[in-house]
Amino acid sequence: MCIVINIITIMQNYSVFSLVRNALTGHRNWPQVWRSPPLKDRYDVVVIGAGGHGLATAYYLAKEFGITNVAVLERGWLGGGNIARNTVTIRSNYMRDESIPFYVKSVAMYEGLTDELNFNMMHSKRTMVDVVQTWPKLRELRRRQLVMDIYGSTYDQITTEELRRRIPALTGGGPDARLPVICGMVHTDAGVNRHDAVAWGYARAADARGVEIHQQTEVQSLLRGADGSIEGVETNRGTVRAKKVVVAVSGHTTTLTETAGLKLPLRTMNLTAFVSEPVKPLVDVIVNCPDSGFYFSQSDKGEMVIGGAPDMGQSFRRDIKQHVFEDTVTAMLSLFPSFKKLKLMRQWGGHLDIAHDASPIMDHTEVPGLFVTAGWWGGYKAIPAGGLTLAHLVAKGEPHPLMAPFTLGRFRHLDFVMEAGTTTAR
Amino acid sequence: MMLITCPFCGKRNESEFIHGGPVGAVRPDPNAVSDEEWVEYLTVTPNPLGPVQEKWWHARGCGEWFTIWRDTRTHDIVEAPDGTK
């Protein structure tokens, strides 16, 4: 305990005063943000994957439940996995009674995360606007609106005129278009923030509470003891033993759990994203066009961050497919013709695993001591609540009420949580 | 863009095809298996890091359904692991 307190006092508190103090010394004396301790051979909990969910789980294990003998093992580098490959959209416009309270909680936690972690998340609560172009989509979103009303999330319909006033760049989709714009739906709770800051902020705060983060440490297989329960993991740096192991490795979940003989109902898919050159402020909301199949927001740097539909078939490639890219651009230009002048700078894919009901899985598995958080399709928005609720499960052995529906048991009983709010998985 | 070989039309652009999912287990007799085995048949699909056998439909072409082996790491269409078609 006294070690923990020591570390907390060592951690530099970021404030305007620390900025001034360090500016006076030429920014040469900033302390290291997190430690790089030697890898021990035994921990209370091993978290595989230093992405958003892994780091958040480790942080809340230490903060809420006092479990600090935790190692987070990361194959690559911190903030280099799918947390760097998403489009930073934070929203809670979901469909199911099970989902909405969970995402409402997560959005609220995100809004307080800068203070909680003493790290600037650059959170920008800027509203998401859905551009509706077909009547079935409007019916579905109106239904979502009614369910969301019950849980205190915001979703309101606006006219086409109001929609075009709020997004002046939306000049396509007129009455003669193949898919004319019918109306818009406004979700004022939505926002964006900075993905690096989420990874670094959670890493720094977890580290300050005694959690160890080990980069360049690839878990190759899970180890089971003679009684079948989890015993630890085999890594490229040797064996690490723990009674509790959390798998938070979006995309590669089944690859890893199969080493323990565990089959999970997940498929790995690739989602496309790309970024334009920076331009002056043009669009101040997140624009989602579910009927055309793309969504985008303008980053603080001025780049348009654009996402498209998933590739057909399973994929671990984390790359962009030319025809998915072309289809996304074509759809975007049909509504935003002026974007034709934009040059695109970067493109990438992110791989995620999805269960066929498009809801996440946060549960202990049939291997005692092995926990899994997976099936996240747009899991970025779920990082704070996902980490908190999974830490609750790991520490107490029973699910947090908010995560209770997202079990593996729902597959055993064929009692699915069919989620239509998982935008691009439609 | 993948070039997929349709048994009738030869190599065609991927955009002419619709993906039909991975080839799963053969449907067991529901009365002959346990509940666990039946649920596993219904919910678990192969998700290999490497070659996967999958169904494709030449929907914007001749309409043929067929299977190919594709490497999920590279999108290369590969030989079946055991050499069979």
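The centres of domain 1 and domain 2 of chain A, taken over C-alpha atoms, are separated by 30 Å. This is a predicted model.

**Domains of chain A**
- Domain 1 of chain A covers 2-7 + 41-88 + 195-266 + 357-425, and domain 2 covers 128-187 + 267-354.
- Contact between them involves 19 residues of domain 1 of chain A and 20 residues of domain 2 of chain A.
- On the domain 1 side, these residues split into 7 nonpolar, 11 polar and 1 charged.

**The sheet of chain A**
- An open sheet of 8 strands runs in the order S5-S6-S4-S14-S15-S16-S13-S17 (chain A), with mixed pairing.
- Strands S5 (156-158) and S17 (344-354) of chain A are at the edges; each has a single partner strand, so one side of each lacks a neighbour in the sheet.
- On average, neighbouring strands of this sheet are turned by 20 degrees against each other, direction ignored.
- Strand S13 (residues 267-276) and strand S16 (residues 304-310) of chain A run antiparallel and are joined by 4 bridges.
- Val275(A) lies opposite Val305(A) in S16(A).

**Helices on the sheet**
- Helix H6 (residues 135-150) of chain A packs on the sheet and touches strands S4 (128-132) and S6 (183-187) of chain A.
- The direction of H6 makes about 145 degrees with that of S4(A).
- Helix H10 (residues 322-335) of chain A also packs on the sheet, touching S4, S13, S14 (286-289), S15 (294-298), S16 and S17 of chain A.
- The direction of H10 makes about 120 degrees with that of S16(A).

**Helix pair H3 and H8 of chain A**
- The axes of H3 (residues 52-65) and H8 (residues 195-208) of chain A come within 9 Å and cross at roughly 30 degrees.
- Angles under 35 degrees count as roughly parallel, so H3(A) is roughly parallel to H8(A).
- Their crossing is left-handed.
- H3(A) contributes Gly52(A), Leu55(A), Ala56(A), Ala58(A), Tyr59(A) and Ala62(A) to the contact.
- H8(A) contributes Val198(A), Ala199(A), Tyr202(A), Ala203(A), Ala205(A) and Ala206(A).
- By class, this contact has 11 nonpolar, 1 polar and no charged residues.

**Chain B against chain A**
- Here 19 residues of chain B are in contact with 19 residues of chain A.
- On the chain B side, strand S3 (18-22), helix H1 (35-43) and strand S4 (51-57) of chain B each give two or more residues.
- H1(B) supplies the largest share of that side, 3 residues.
- The chain B side divides into 6 nonpolar, 8 polar and 5 charged residues.

Conventions: Residues are numbered from 1 along each chain as its sequence is written. Chains are lettered from A and ligands numbered from 1 in the order in which they are written. This is a predicted model: local features need pLDDT of at least 70, side-chain atom pairs count only at pLDDT 80 or more; totals for chains, interfaces and linings use all residues. Axes are lines fitted to C-alpha atoms, for helices over the stretch in contact, and angles run from 0 to 180 degrees between N-to-C directions. Angles under 35 degrees count as roughly parallel, over 145 as roughly antiparallel, 65 to 115 as roughly perpendicular and the rest as oblique. A crossing is left-handed if the near helix is turned anticlockwise from the far one by less than a right angle, and right-handed if clockwise. Two residues are in contact if their C-beta atoms, placed from the backbone, lie within 7 Å. Ala, Val, Leu, Ile, Met, Phe, Trp, Tyr, Cys and Pro count as nonpolar, Asp, Glu, Lys and Arg as charged, and the others, Gly among them, as polar. Domain bounds come from an automatic or database domain assignment. Two strands pair if DSSP finds at least two bridges between them.
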